[in-house]
Amino acid sequence: ALPGADDRTVFAAARLMERGLELLVLDEPTTLDGKALDRGSVVAMRRDNAAGFEQPFAEVAGELGLPVTAVRAGLGAGDLADIGGEHFDLLSTPRIAVIGRGGASSQDFGNLHFLLDQRIGIRHSLLDETQWFGNDLRRYNVIVLPDRGGPLPEAIARQLKPWVEQGGTLI
């Protein structure tokens, strides 16, 4: 498990999912195997991952300076959340696109690209709004719009509306 109270855990989760690990996130604090886990703690379970998953888990945690908590038992005492219960949610691998150019702030776009590429270290696509020809948005589950100097072009807005209604996350 990685600590939920540390923002670097979000970066670690993204990097680990890029490597194919299945991860769970805890939606309330609990104690498992005598070890306290915060809300937001990220857990990789042996049953959900291929043999040897511990190595990439430890590597990513080490790169980010995160402590790893090993838990042998998943039953929370009393009314505490336990693994297999409703308080551990499966994380979905982010498939991110950033829409840039056109009316997007080049500074904000550059900051977002740096954050995703260098700080978090995850794959993402860069979509050019000036060459928007009905992009297939189904491949993404997150789309980020940098700060803009004006309204979003109507063709893009029309395409984003049903994508969001069908479960896409627009930031």
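Modeller: Let us begin at the surface of this predicted model: Arg 123 is exposed, since its relative accessible area is 61%.

Colleague: With which residue does Arg 123 form a salt bridge?

Modeller: The general idea is that side chains of opposite charge can pair when their charged atoms come close. In this structure the partner of Arg 123 is Glu 18, and the closest N and O atoms of the two are 2.8 Å apart. Arg 123 belongs to the loop between α3 and β7, whereas Glu 18 belongs to helix α1, so the pair ties together parts that are 105 residues apart in sequence. Glu 18 is partly exposed, with a relative accessible area of 24%.

Colleague: How many salt bridges does the structure hold?

Modeller: There are 13 salt bridges in the structure. Another of them joins Arg 19 to Glu 59, with 3.0 Å between the closest N and O atoms. Here Arg 19 lies in the loop between α1 and β1 (24-26) and Glu 59 in helix α2, so this pair links parts that are 40 residues apart in sequence. Arg 19 counts as partly exposed at 41% relative accessibility, and Glu 59 is partly exposed as well, at 35%. A salt bridge is also found between Arg 138 and Asp 136, whose closest N and O atoms are 2.9 Å apart. Of this pair, Arg 138 is exposed, with a relative accessible area of 69%, while Asp 136 is partly exposed, at 32%.

Colleague: Which residues are linked in a network of salt bridges?

Modeller: That network consists of Arg 15, Arg 19, Glu 59 and Glu 63.

Colleague: Helix α1 has now been mentioned. Is α1 mostly covered or mostly uncovered?

Modeller: Helix α1 is mostly covered, for eight of its eleven residues are buried. They are Thr 9, Phe 11, Ala 12, Ala 13, Ala 14, Arg 15, Leu 16 and Met 17. The elements that cover them include β4 (42-43), α2 (54-64) and α3. Just after α1, Gly 20 adopts a positive phi of about 95°.

Colleague: At what angle do α1 and α3 pack?

Modeller: In the present case, α1 (residues 8-18) and α3 (residues 106-120) meet at an angle of about 80°, and their axes are 10 Å apart. The two helices are therefore roughly perpendicular to each other. On the α1 side, the contact is made by Phe 11, Ala 14 and Arg 15; on the α3 side, by Leu 115, Gln 118, Arg 119 and Ile 120. Sorted by class, the contact comprises four nonpolar, one polar and two charged residues.

Colleague: Which residues does Phe 57 touch?

Modeller: Leaving aside residues up to four places away in sequence, Phe 57 touches Ala 1, Leu 2, Leu 16, Leu 21, Leu 23, Val 42, Ala 44 and Val 68.

Colleague: Does Glu 129 count as buried or exposed?

Modeller: Glu 129 has a relative accessibility of 10%, so it counts as buried; the limit for that class is under 20%. This residue is located in the loop between β7 (124-128) and β8 (142-144). When residues up to four places away in sequence are left out, the neighbours that Glu 129 touches include Ile 99, Arg 101, Arg 148, Leu 152, Pro 153 and Ile 156.

Colleague: Finally, how many helices and strands does the protein chain have?

Modeller: The chain comes to four helices and nine strands, and 37% of its 171 residues count as buried. Its C-alpha trace spans about 55 × 30 × 25 Å along the principal axes. Of the contacts with a separation of 6 or more, 70% are between residues 24 or more positions apart.

Key. Residues numbered from 1 in each chain as written. Heavy atoms only, no water. Axes fitted to C-alpha atoms, helices over the stretch in contact; angles between N-to-C directions. Parallel < 35°, antiparallel > 145°, perpendicular 65-115°, else oblique. Contact = heavy atoms within 4.5 Å. Nonpolar A, V, L, I, M, F, W, Y, C, P; charged D, E, K, R; others polar. Buried < 20%, exposed > 50% of the residue type's maximum accessible area, 1.4 Å probe, protein only. Salt bridge = Lys/Arg side-chain N within 4 Å of Asp/Glu carboxyl O.
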